[in-house]
Amino acid sequence: MIWKMIYNTIGIAAIFTGFQVASLFNAKIRQGILARKTAFRQLEEQLELVPDFTKRVWFHFTSVGEFEQAKPLIESIKGNAQIILTYFSPSVRPNVLEYPHCDAHTYLPLDTAINAKRLFDLIRPTVLVFSKFDIWPNLVWGAFDQGIPTVLIAGTLHQKSKRLHPIARSFFKQVHNKLTLHCVISESDAERFKQLCGDDSQVEVTGDTRFDTVYNRAITVKVDQSLLAQSSFKYPVIIAGSTYIEEEEILLQAYELLRCGETNGLLHLIVVPHEPTVEHIQKFCSKLDLLGFSYMLFSDLKSEMDLSGMEVIVIDTIGLLAELYKICDIAFVGGSFHGRVHNVMEPAAMAKPIVFGPRIENSYEAGLLKERHAAQQVYNASEMADIFRELICSSQLRQQMGEVAKAVIVENLGASQRSLDHLERFL
């Protein structure tokens, strides 16, 4: 297989070099490289502590969103099989460390043929499950050679995916046609996956398991009654969730336009950075100072404070976003001015009107919400100010968009059980 040879020589060398170079500029990548040096030892030590089990399921995912997609299946089969988790991004590691439903976990080592064989020898899985798209060729080829079933859950392949480029497609065909089963989120995704693996490969439309996870969490979120002293808010509250510097600049430009317009800035903006590092928070606060916004850090808030005149609140801690979506009037979901939109399901499940930026190709659900007019897409600060103004001035529009957003989530429930029905065949 010529593509296999090319991948294991040129491809692996390029991946290794790329990560080493990128680590010079990115602390998160450096963290991942360093942690991978002990990945096998950590896995061996954990597996020594668990008893032998007839069935062992290996789940692999890249980061937090893909972990969320795997959770319903993990928790459904936990009593009947051991669960081994591997992951790619350092972002998801804290979530995995706190997760009670696995027997062992580690970073996925570099995808060499030797590392893949060593992983299979250690884990001895009954089945290997990939979540969404983080499929590594040597893992697939290794499983195929050993007769181990491989399943993709919540598979998605957007129409602009580089995997569909003629040259890339030739390579990825040699990977996807070795997967046992593709469980994908929509009919359009199914058609695109068939371009990679052929009509003879099994592709089933089961939906996105995150609809179930997010909905169940949304209906159980309890809001701390002291959170942001919500009773003192005077105007509609906009939560800007999981933001990067690019969209924070757009948000502030839009807010300036609203300040000067007929709405006279009648809103409270709560900004929740994707990574609230000290450096990020300081830079953002410097911009607020420069623009003359009144603001407060969440860590400085006291329960007796009157927030009725506060324009911006900056969340400088983690773990509050779900509660904040619960109390907001409008949700701006970040990521889409930076590269790809983040989780739009959470505010939708809480019946909130949603706004996001230009890059949503990665999110099937964002497209659904936009198509149903439960979400608005904006491309610049002027458009953002216009839709904020419209929503601020119309509680009826906010309610209508929110109800449709929640209906989209409810209509797509059940993917976990449909995926589980297929996965259980291999157990």
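1. The predicted model contains an open sheet of 7 strands with parallel pairing, in the order β10-β11-β9-β8-β12-β13-β14. Strands here are DSSP runs of E of at least two residues, and helices are runs of H or I of at least four, both numbered from the N terminus; two strands pair if DSSP finds at least two bridges between them.

2. β10 (295-297) and β14 (375-377) form the edges; each has a single partner strand, so one side of each lacks a neighbour in the sheet. From one strand to the next, the twist averages 20 degrees.

3. Within the sheet, β8 (residues 237-243) pairs with β9 (residues 268-273) in the parallel sense over 6 bridges. Isoleucine 238 has leucine 269 in β9 as its bridge partner.

4. Helix α16 lies across β8, β12 (330-333), β13 (354-356) and β14, and runs at about 160 degrees to β12. Angles run from 0 to 180 degrees between N-to-C directions, with axes fitted to C-alpha atoms, for helices over the stretch in contact.

5. The axes of α16 (residues 381-393) and α17 (residues 395-411) come within 5 Å and cross at roughly 105 degrees. α16 is therefore roughly perpendicular to α17 (65 to 115 degrees).

6. Glu390, Leu391, Ile392 and Cys393 in α16 meet Ser395, Leu397, Arg398 and Met401 in α17 (contact: heavy atoms within 4.5 Å). The residues of this contact divide into 5 nonpolar, 1 polar and 2 charged (nonpolar: Ala, Val, Leu, Ile, Met, Phe, Trp, Tyr, Cys and Pro; charged: Asp, Glu, Lys and Arg; polar: the others, Gly among them).

7. Residues are numbered from 1 along each chain as its sequence is written. In this predicted model, local features need pLDDT of at least 70, side-chain atom pairs count only at pLDDT 80 or more, and totals for chains, interfaces and linings use all residues, while side-chain values use heavy atoms, leaving out hydrogens and water.

Note on methods:
Angles under 35 degrees count as roughly parallel, over 145 as roughly antiparallel, 65 to 115 as roughly perpendicular and the rest as oblique.
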